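Thanks for coming. I will go through one model this morning, starting from a single residue and then moving out to the whole chain.

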Amino acid sequence: MTEPGVGPNAPGNMRTLVLSNDLDETREIISTAYSPYELSVLGDPKDFSAWYAEGSFPGVTVSGLQYGAETLVAPQPLDSYLLVCQLVRGRVKVLSPGREERVVGPGETYVLDPYRRFKVHWAPGARMTTVRLTRETIEQAAADALGVEGPLRARFSLAGALSPGAARSWAGISAAVHREILGEGIARTSPLVASQLTQTTAAMLMETHQLITDGVDAQRPGVVAHPAVRRAMALAEEKADQPLTLADLATAGRVSARALQEAFRRHLGTTPLGYLREVRLGRAHQELLTSRGRPDATVAQIAYRWGFGNLGRFAAEYRRAHGHAPSRTLRG
C-alpha cells in the first residue's frame, strides 16, 4: 500500500535529501539521517541509484527510500529512535543476526527497534516508507500498554502486523500521519495536536505489532493495569466538581475508553463514571456535614454543586451509601 504522495517527486513537506547515482554521497547523507550506515551494491554498480526524502511534525518523522540496484544496507543500532517500515513496491529481506530473518513484500510492515543490529537486502527498485518515533515515546507507550511504571525497554519482532485487522488499523494511523505532513496539517504548528497524534501512533504500534519485553508479562490486548486506573482516579478526585466525561478520564489514563472501562471493572469492580459518582457522593456527604447549622445551605444546592442533576436519584444513592436521607445529615 502506498502512502499518499510519497515518491521521488513527493509534494508537500517531504524534503528530498538524496537523488543520486553516487554510492559514497548516498552513504554519507543517509548515515547522517539515520545512523552510521554500511551500504554495498550487490549487482552492477552502474545500475545504482538512490532516492531519500523526509518530512515531520514534532514527535514523528516520515520518510521514503528507494534503491535502483540490488543493495545491502547494514546500519548500526538506531539507539535513539524506532522505525516502522512499510514496503510500497518490490521486496526486501530483513535479517537480525542470531535472531530473525524475514522477506517483506508490498503492503507489509516490519519494525526496527532502537536496540537491534540488522541488515536489509534490497531487491532492485524496491521502495519503502518509514514512520520514525523517538525511543522515549516508544518506551513510555510500552509501559502504558503493559500496565507498568515506565519507561520500559521495548523490543519488537520482525514479524508484521498481528492480524489483518491490526494491519488495517496501523495503515489508518500511518496514513493520518502522512496526511498531516504531506498536506501541511495542523500537527505541524499545534504542539497539542502533534503530541496527541504522536502518542496515538505509539499506542497503535503497541496494539498492532508484536512487542517483546524482558521480565514483563503483557496484559491481554485491550486491557490495562493499575497505572492507567490510577491516572484516571487522580483526575476524578482532583476535578470532581467539573463536568468530566469518559473521554476525559480515558485521556488522563492514556488509553482508549473501552480499555479504561475494562481496567476499572477488573481492578475496582466498577466503571470510570461509576467511580466518579462515588467520589462526588463522598464530597457531597462531606459538604452536608460541614454545612450543618447554616440556614442558607440546602440539599439541592449541594447536590447540584457535585454534579447530581436528579435530586431523586441523588437521594436514593445517598441513602444506599449512608443508610439515611441527605437531609438528615444536613440537619444533624
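In which strand is S157 found? S157 sits in β12, a strand that covers residues 155-161. Before going on, two remarks on the ground rules. This is a predicted model, in which local features need pLDDT of at least 70 and side-chain atom pairs count only at pLDDT 80 or more, while totals for chains, interfaces and linings use all residues. Residues are numbered from 1 along each chain as its sequence is written, and side-chain values use heavy atoms, with hydrogens and water left out. As for the elements, helices (H or I, at least four residues) and strands (E, at least two) are DSSP runs numbered from the N terminus.

Is S157 buried or exposed? S157 is buried, at a relative accessible area of 6%. Buried here means under 20% relative accessible area, exposed means over 50%, and partly exposed is in between, with a 1.4 Å probe and protein chains only. Leaving aside residues up to four places away in sequence, S157 touches E100, V111, R116, Q210 and I212, where contact means heavy atoms within 4.5 Å. The side chain of S157 also reaches the backbone nitrogen of A159, at 2.9 Å.

Another buried residue is Q66, with 14% relative accessibility. Q66 belongs to strand β4, residues 60-67. Its side chain and that of R89 are joined by a polar contact of 3.3 Å. A polar contact is a pair of N or O atoms within 3.5 Å; within protein, one must be able to donate a hydrogen and the other to accept it, and residues adjacent in sequence count only if both atoms are side-chain atoms.

Next, the backbone. Most residues other than glycine have a negative phi. Which phi does D79 have? D79 is not a glycine, yet has a positive phi of about 70°. D79 lies in the loop between β5 (71-75) and β6 (81-89), and is partly exposed at 46% relative accessible area. R254, also not a glycine, has a positive phi of about 65°. R254 is in the loop between α6 (246-253) and α7 (257-268), and at 41% relative accessibility R254 counts as partly exposed.

Q196, in helix α4 (residues 191-208), is partly exposed at 36%. Q196 and R168 are 28 residues apart in sequence and 20 Å apart in space, C-alpha to C-alpha. S327, in helix α11 (residues 326-331), is partly exposed at 29%. S327 and T298 are 29 residues apart in sequence, with 8.2 Å from C-alpha to C-alpha.

Now the whole protein. How many helices and strands does the secondary structure come to? There are eleven helices and 13 strands. The radius of gyration is 26 Å, well over the 20 Å that the globule rule gives for 332 residues, so the protein is more spread out than a compact globule. That radius is taken over C-alpha atoms, and the rule is 2.2 Å times the number of residues to the power 0.38. Along the principal axes, the C-alpha atoms fill a box of roughly 95 × 40 × 30 Å.

Of the 332 residues, 48% are buried. Among contacts between residues at least 6 apart in sequence, 71% join residues at least 24 apart.
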